[in-house]
Amino acid sequence: MPLRRVLVANRGEIAVRVVRACADEGIESVVAVSEADRDSRAALVADRAVCIGPASATSSYLDIPRVVTAALGTGCDAVHPGYGFLSERPELPEACADNGLVFVGPTADTIRRGGDKAAARQLAASLGIPVGAGSDTIADAVTARDVADRVGYPVVLKAAAGGGGRGMVLVESADAVESAFEGASREAQAAFGDGRMYLERFITRARHVEVQVLADTHGTVVHLGERDCSAQRRYQKLVEEAPATAVPLDVRRALREAAVELARALDYVGAGTVEFVVDAESGDYAFLEVNTRVQVEHPVTEMVTGIDIVRAQLQIAGGLPLPFSQDDVRLDGHAVEVRVNAEDPHRGFAPGPGTVSRWVEPVGGGLRIDTHCFGGYRIPPHYDSLLAKVIAHGPDREEALRRLDRGLRKLVVEGVPTTVPMLLAVIEAPEFRAGTHHTRWVEQELMPALTALLEAPEPAAAPA
């Protein structure tokens with residue numbers, strides 16, 4: 001049955017994005033807000049807003065009983081988790097099912113099987129999908145060192161229940177394994193309530209490529225092409241683009257097929273992403289993980305396919321079949337997205353909460369701005385620092401980047417620091433333009449030069 005009223009259990013730009021999709025589908029939206037977000041853009045544009053707790057995410061956005069109570073109390077028939085927060089916690093769809101609510105996403109079982117990174121790695125291997133050298137779940141630092149010695153350094157330790165770079169650390173020598181394991185496990189426990197770790201051989205010149213999938217409740221599973229997310233800093237994506245034109249087409253086709261196969265094996269329903277690492281030198285690829293939710297970077301896929309992924313999530317959750325087949329999916333042109341954060345490049349990219357005194361969005365063909373900001377908006381210090389996503393589309397990569405460059409330069413943000421200068425440096429760099437960058441390029445090559453520029457003293461004023 002099509003959905004009637006949806007509780008948006010999130011905040012920021014993704015909450016606004018879901019509200020927009022609900023409006024397009026003719027679905028009423030109710031936004032769950034903390035006390036810090038009562039006057040947020042999401043609260044203003046939704047049909048209704050309901051406060052679920054204090055500013056602390058633990059007592060509001062991460063509190064499942066409060067979220068479910070808010071949905072029931074406002075007469076909602078479904079809950080959309082967005083990304084982050086509760087989006088990959090199987091306890092939320094379980095609580096929804098127990099209370100007669102539809103969860104806009106996969107089942108709790110699928111989230112457990114796909115969201116557990118070590119278990120997903122085992123499943124991929126059983127399907128014949130390359131997983132690269134590494135391990136299953138590791139119980140302690142001693143075992144981690146034994147596996148790392150066998151696999152060969154460098155290795156990367158990852159949280160079995162995690163994502164987004166948390167509980168993840170690069171280890172380049174045997175004597176660093178113990179401290180790295182203990183620190184990463186503590187971080188994973190704090191972030192996900194699960195300190196289990198696993199280990200993978202680290203590819204020094206890697207490209208990060210992910211495939212977008214959609215699956216309905218009628219057995220249809222399709223991919224919407226892939227995205228290249230290789231421009232990263234501290235395991236956080238900075239620039240995402242679709243399609244991944246720097247990767248050979250035969251490799252991209254193999255990744256798409258593997259993603260669909262894995263989604264079928266997980267009995268997947270909704271929107272999800274299957275991530276891979278591609279060796280930039282050999283072209284070999286290996287499965288990384290499954291993200292059982294909509295991704296921050298979904299707009300670039302929407303721009304090249306013309307398919308609204310969030311609306312598709314709502315339609316699927318309402319029991320409707322996908323209105324297209326794999327043969328109907330066409331990739332048109334190229335799209336690039338950057339994440340603009342309220343961070344100060346002059347202070348080591350420290351978060352810069354405060355009041356946005358002036359906000360002017362760029363206009364022009366091929367530009368899209370996904371944001372929750374406006375002039376006078378006060379950025380609370382309690383959450384992530386994402387202000388907006390600037391997305392550009394063009395007939396080819398060069399034109400998309402030209403439009404993105406113009407969009408960033410025309411974006412006016414006053415009152416808080418932003419990462420726009422760094423983003424411009426990334427997309428203007430010769431290596432990025434040539435498509436020869438890799439996942440460590442920003443940190444190893446770009447940031448040292450950029451940091452020197454940022455820390456250079458201001459030139460002395462010319463004598464009068």
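**The aromatic cluster**

Modeller: Start with Y61, which counts as buried because its relative accessibility is 1% (buried means under 20% relative accessible area, exposed over 50%, partly exposed in between, with a 1.4 Å probe and protein chains only). This is a predicted model: local features need pLDDT of at least 70, side-chain atom pairs count only at pLDDT 80 or more, and totals for chains, interfaces and linings use all residues. Residues are numbered from 1 along each chain as its sequence is written, and side-chain values use heavy atoms, leaving out hydrogens and water.

The structure holds five aromatic pairs. Rings of Phe, Tyr and Trp (its six-membered ring) pair if their centres lie within 6.5 Å; planes under 30 degrees apart count as stacked, over 60 as edge-to-face and the rest as tilted.

Y61 and F85 are stacked, 5.0 Å centre to centre with 15° between the planes. Y61 sits in the loop between β3 (48–53) and α3 (64–73), and F85 in the loop between β4 (78–80) and α4 (91–98), 24 residues apart. Helices (H or I, at least four residues) and strands (E, at least two) are DSSP runs, numbered from the N terminus. F85 is partly exposed, at 26% relative accessible area.

Y61 also pairs with Y383: the centres are 5.7 Å apart and the planes at 80°, so this pair is edge-to-face. Y383 lies in the loop between β20 (378–379) and β21 (386–394), so the pair ties together parts 322 residues apart in sequence. Both Y61 and Y383 are buried. Together, Y61, F85 and Y383 form one aromatic cluster.
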